Amino acid sequence: MQSSRISRKRTSSPSVSTESSISNLSPDYSASSQLDASANMLHAELFYHLLTETLPSLCKSGNSRGLLHKEVMNHALATPYLMNELLALAALHLSIIRDTQKEFYRHHSTQLQNHALRMFYETDPHASMEPPVPAFILSSMLGMHLLCDILIYQDHDFQAFLDRFIHYLRIHRGVRTVIGGNWDQIKETSLKPILKDAEASLQNQTGDGEMCNRLLELIKASKLGPSLNETYEQAIKALQSSFNASQFGAIVDNIQGALAWPIMVTGEYTDMVVHRRPEALVILAHYAVILYSCRDAWLFGDGGKFLIRSIDRYLGPQWADWLYWPNRVLAESTTPCLDGTSSLPQ
């Protein structure tokens with residue numbers, strides 16, 4: 001499909017609905033006009049790009065790739081809010097790889113994402129007794145989308161960047177809250193093989209965790225009190241799990257570690273980032289090492305480097321010892337060893 005055939009006016013992107021949702025409307029003029037509407041060529045382009053480029057780029061290897069694509073599309077075709085978010089993600093992808101049309105695609109990406117969230121929050125979570133698989137997939141795709149937008153379209157003001165990152169953590173947590181206590185049910189659905197692989201990657205232990213152990217020692221030595229210690233220890237343990245996932249396969253093919261940590265951190269840790277607690281920012285800089293290891297992925301780009309350097313400037317030289325490893329990774333300009341054993345200070 002030639003993109004030149006598509007109008008590039010920055011108009012509001014209509015939401016994507018399905019025939020099943022239209023059939024619930026009464027047979028009045030508005031329903032008839034929707035059924036008789038011509039094809040939306042932009043959405044057709046986005047759908048094609050989603051199938052041929054965006055989804056394949058998110059899972060380049062592993063036995064679950066084909067199943068993942070099949071399950072995502074099966075649920076998206078029956079769930080308007082999920083289809084809107086998937087097309088929004090495809091539009092975001094195009095905004096990154098087609099620089100001359102960046103604003104056009106990013107505009108429609110935002111519009112489609114807004115439609116998706118509105119539809120999602122208008123959905124009755126008790127309308128079906130089935131496990132909310134579409135909502136779970138939405139949470140995953142929405143997390144990718146928001147994180148990518150923050151990292152690729154960076155604010156030059158670090159404070160504004162942090163505010164956007166905090167907003168991302170809270171939006172992501174809000175969607176997961178709607179899913180509620182259905183995790184055990186979701187694990188027994190057709191997604192079971194995919195989720196099993198993801199859990200295995202988080203539990204992988206190829207390194208000895210020396211870098212995270214050092215962070216824990218620095219936190220304990222600071223005598224911050226039981227509450228803060230617990231908050232930071234949880235964030236660091238989640239960080240170790242994310243390191244594990246990033247070492248599970250080829251780093252450039254495996255983005256699970258980068259996506260896992262923001263899901264696992266608590267609201268209490270997010271609050272510490274809100275207050276710009278130095279220890280919370282140090283942990284965030286260590287997470288940025290994972291982002292840096294995936295810098296060839298379109299989702300992240302140079303976001304990891306930006307985050308490490310920004311935190312280093314913000315905290316200043318008095319925190320140099322805490323930030324030794326992230327800064328060392330950038331100085332070496334190589335794909336980092338994520339257990340940190342080769343870069344610890346003597």
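Trainee: Where does K223 lie?

Mentor: K223 sits in the loop between α11 (210-221) and α12 (226-247). Helices here are DSSP runs (H or I, at least four residues), strands are E runs of at least two, and both are numbered from the N terminus. Before going on, note that this is a predicted model: local features need pLDDT of at least 70, side-chain atom pairs count only at pLDDT 80 or more, and totals for chains, interfaces and linings use all residues. Residues are numbered from 1 along each chain as its sequence is written, and side-chain values use heavy atoms, with hydrogens and water left out.

Trainee: Is K223 buried or exposed?

Mentor: K223 is exposed, with a relative accessible area of 73%. Buried means under 20% relative accessible area, exposed over 50%, and partly exposed in between (1.4 Å probe, protein chains only).

Trainee: And what is phi of K223?

Mentor: Phi of K223 is near 50 degrees, which is positive, and the residue is not a glycine. Most residues other than glycine have a negative phi. R276 also has a positive phi, of about 60 degrees, without being a glycine.

Trainee: Where is R276, then?

Mentor: R276 is in the loop between α14 (267-274) and α15. R276 is buried, at a relative accessible area of 14%.

Trainee: New topic. How many helices and strands does the protein chain have?

Mentor: The protein chain has 17 helices and 0 strands. Of its 346 residues, 50% are buried. Contact means heavy atoms within 4.5 Å. Among contacts between residues at least 6 apart in sequence, 76% join residues at least 24 apart.

Trainee: What pLDDT does the protein chain average?

Mentor: The average is 81, and 74% of the residues score at least 70. pLDDT is the predictor's confidence in each residue, from 0 to 100.

Trainee: Which elements have the lowest and the highest mean pLDDT?

Mentor: Helix α1 (residues 19-22) has the lowest, 40, and helix α5 (residues 80-97) the highest, 97. Over residues 1-7 the pLDDT is below 50, and beyond near neighbours in sequence that stretch has 13 contacts in the model. Residues 248-253 also stay under 50, with 14 contacts beyond four places in sequence. Where pLDDT is low, the predicted coordinates should not be read in detail.

Trainee: Back to α5. At what angle does helix α3 cross α5?

Mentor: The axes of α3 (residues 41-58) and α5 cross at roughly 80 degrees and come within 8 Å. That makes α3 roughly perpendicular to α5. Axes are lines fitted to C-alpha atoms, for helices over the stretch in contact, and angles run from 0 to 180 degrees between N-to-C directions. Under 35 degrees counts as roughly parallel, over 145 as roughly antiparallel, 65 to 115 as roughly perpendicular, and the rest as oblique.

Trainee: What meets what there?

Mentor: The α3 side includes H43, L46 and F47, and the α5 side includes M83, L86 and L87. By class, the residues of the contact of α3 with α5 divide into 12 nonpolar, 5 polar and 1 charged. Ala, Val, Leu, Ile, Met, Phe, Trp, Tyr, Cys and Pro count as nonpolar, Asp, Glu, Lys and Arg as charged, and the others, Gly among them, as polar.

Trainee: What is V72 in contact with?

Mentor: Leaving aside neighbours within four places in sequence, V72 is in contact with L55, L82, L86, I137 and M141. V72 lies in helix α4 (residues 65-78) and is buried, with a relative accessible area of 2%.

Trainee: Last one. How do α15 and α17 cross?

Mentor: Their axes come within 8 Å and cross at roughly 25 degrees. α15 and α17 are therefore roughly parallel to each other. The contact is made by A285, H286, V289 and Y292 of α15 and W325, P326, V329 and L330 of α17. That contact has 7 nonpolar, 1 polar and no charged residues.

Trainee: Which residues does E279 touch?

Mentor: Not counting residues up to four places away in sequence, E279 touches I219, L224, Y232, W319 and W322. E279 is found in helix α15 (residues 278-293) and is buried, at a relative accessible area of 6%.
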